Amino acid sequence: MSATVVERLERYRADGLAEVEGWFEPESAEVMASLLVHQLELGLGGGVAEIGVHHGRSFLLLANGLAPGEPAVALDVFEHQEQNADHSGKGDRTRFEENLARWAPSASVSVVASSSLDVSVSSARDVFGRPRMFSVDGGHTAEITRHDLTLAEASVGDGGIVVLDDMLNGHWLGVLTGTAGYLLSDPGLVPFALSPNKLYLTDSPESAAGYTAHLRAALPDLLGKRDVEFFGTTIDVYGQGAPRHANGRPAGPVPEVRRARAAARRAKQEAADLSDELAAVRTSASWRATAPLRGLGRLVRRS
Ligand SMILES: C[S@@+](CC[C@H](N)C(=O)[O-])C[C@H]1O[C@@H](n2cnc3c(N)ncnc32)[C@H](O)[C@@H]1O
């Protein structure tokens with residue numbers, strides 16, 4: 001597995017998340033990044049997909065988790081906001097493509113400007129392929145949530161993961177309603193974990209057990225509670241109640257602080273680059289050749 005994927009994911013989490021507007025908690029980015037890398041270690045391929053992109057905040061994490069040659073699909077109504085029934089977010093293709101160029105320039109991305117309601121279960125694989133990670137974050141009504149879960153179920157690759165947004169968000173209880181409807185009707189997906197605003201599902205109990213074991217080993221200080229009862233199975237809860245939060249501090253710095261830290265890191269890097277360039281000039285032949293003149297100038301200034 002390429003080390004570059006790990007480096008890219010770390011860079012996007014450290015700097016990109018602070019700059020790209022949207023709804024995606026840093027702790028969930030950490031969980032998803034760990035799962036994306038684990039999937040490559042397992043030898044899974046197939047790329048990534050998302051319904052509901054907005055400006056790309058969560059999509060760009062997915063795109064940075066791609067191995068060379070893997071595809072990515074981003075579907076949103078974008079400028080057709082009249083199709084955004086519940087006004088959840090506001091897709092903006094221009095902003096999204098600017099962010100894509102800035103934070104995932106090497107990713108091979110198909111942008112689909114459409115409502116997910118225009119995609120059927122029978123055409124889901126034509127639109128999304130067989131992604132190994134599929135993020136569902138489009139319309140937040142019960143009907144759209146349930147529909148989008150069936151699209152994800154129909155297309156996600158063998159052993160792949162579906163990540164559903166806002167299942168426990170009190171402002172968007174349509175998502176909970178749609179999820180309950182889906183999970184109570186002989187679903188093809190098995191839930192295995194929850195992190196801030198994200199529910200994780202996969203295609204079999206065996207895959208669920210594998211991902212559960214991976215996350216327990218990889219992120220023990222973010223694991224808040226194991227084996228929580230949930231629709232006929234149990235899931236692990238990350239974030240809430242985690243040892244990392246034992247001192248009662250909030251989960252992480254507020255966005256303004258994260259943005260200021262990212263700007264400071266960039267300024268430090270630019271200063272280091274300038275200092276390297278200056279050192280290179282100083283050791284160059286022309287700098288040495290003009291040394292007597294500069295010495296003369298110093299003498300004149302002193303006198
Ligand atoms: C909550 S936002 C997505 C947030 C985004 N994933 C992020 O990381 O910030 C919801 C998005 O879904 C889009 N959307 C709403 N209804 C949709 C539908 N039926 N089909 C496709 N996209 C839809 C909206 O335009 C909006 O961009």
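What share of the contacts in the chain with a separation of 6 or more comes from residues 24 or more positions apart? In this predicted model, such residues account for 70% of those contacts.

**Figure 1. Overview of the chain, with its helices, strands and buried residues.** The predicted chain has eleven helices and nine strands. Of the 303 residues in the chain, 41% are buried.

**Figure 2. The largest nonpolar core and the surroundings of Leu60.** The largest nonpolar core has 63 residues, and those with the most contacts inside it are Leu60, Ala63, Ala72 and Val162. Helix 2, which spans residues 26-41, gives this core its largest share, namely six residues. In soluble globular proteins, nonpolar side chains tend to be buried together. When its neighbours within four places in sequence are left aside, Leu60 is in contact with Tyr12, Gly16, Val20, Asn99, Leu100, Trp103 and Ala104.

**Figure 3. The shell of residues around the ligand.** There are 25 residues around the ligand, of which Gly22, Gly52, Ser58, Gly89 and Gly91 come nearest. By class, the residues of the shell divide into 13 polar, eight nonpolar and four charged.

**Figure 4. Strand 4 and its parallel partners, strand 1 and strand 5.** Strand 4 (residues 133-136) is covered on both faces, with Met133 and Ser135 buried on one side and Phe134 and Val136 buried on the other. Strand 1 (residues 48-51) pairs with strand 4 in the parallel sense over four bridges, and Ile51 stands opposite Val136 in this arrangement. The pairing of strand 4 with strand 5 is likewise parallel and runs over four bridges, with Val163 of strand 5 as the bridge partner of Ser135.

**Figure 5. The buried side of helix 7.** In helix 7 (residues 173-183), the buried residues are Gly174, Val175, Gly178, Thr179, Tyr182 and Leu183. These residues lie on the same side of helix 7 because they cover an arc of only 160° around the axis. The elements that cover the buried residues of helix 7 include helix 6 (142-155) and strand 5 (161-165).

**Figure 6. Strand 9 with its partners, strand 6 and strand 8.** Strand 9 (residues 233-238) pairs with strand 6 in the parallel sense over two bridges, and here Leu194 stands opposite Val237. With strand 8, by contrast, strand 9 pairs in the antiparallel sense over five bridges, and Glu229 stands opposite Thr234. The hairpin of strand 8 and strand 9 has two residues between the strands, and in it Phe231 takes a positive phi near 45°.

**Figure 7. Two residues other than glycine with positive phi, Asn197 and Asp227.** Asn197, whose phi is near 65°, has its place in the loop between strand 6 (190-195) and strand 7 (198-202). Asn197 counts as buried because 22 other C-beta atoms lie within 10 Å, the cut-off for a buried residue being 20 or more. Asp227, with a phi near 50°, lies instead within strand 8 (residues 223-230). Asp227 has 11 C-beta neighbours inside 10 Å and therefore counts as exposed, since the cut-off for an exposed residue is 12 or fewer.

Methods:
Residues are numbered from 1 along each chain as its sequence is written. This is a predicted model: local features need pLDDT of at least 70, side-chain atom pairs count only at pLDDT 80 or more; totals for chains, interfaces and linings use all residues. A residue is near a molecule or strand if its C-beta atom, placed from the backbone, lies within 6 Å of it. Ala, Val, Leu, Ile, Met, Phe, Trp, Tyr, Cys and Pro count as nonpolar, Asp, Glu, Lys and Arg as charged, and the others, Gly among them, as polar. The arc is that of the directions from the helix axis to the C-beta atoms. Two residues are in contact if their C-beta atoms, placed from the backbone, lie within 7 Å. A nonpolar core is a set of buried Ala, Val, Leu, Ile, Met, Phe, Trp, Tyr and Cys residues joined through C-beta atoms within 7 Å. Two strands pair if DSSP finds at least two bridges between them.
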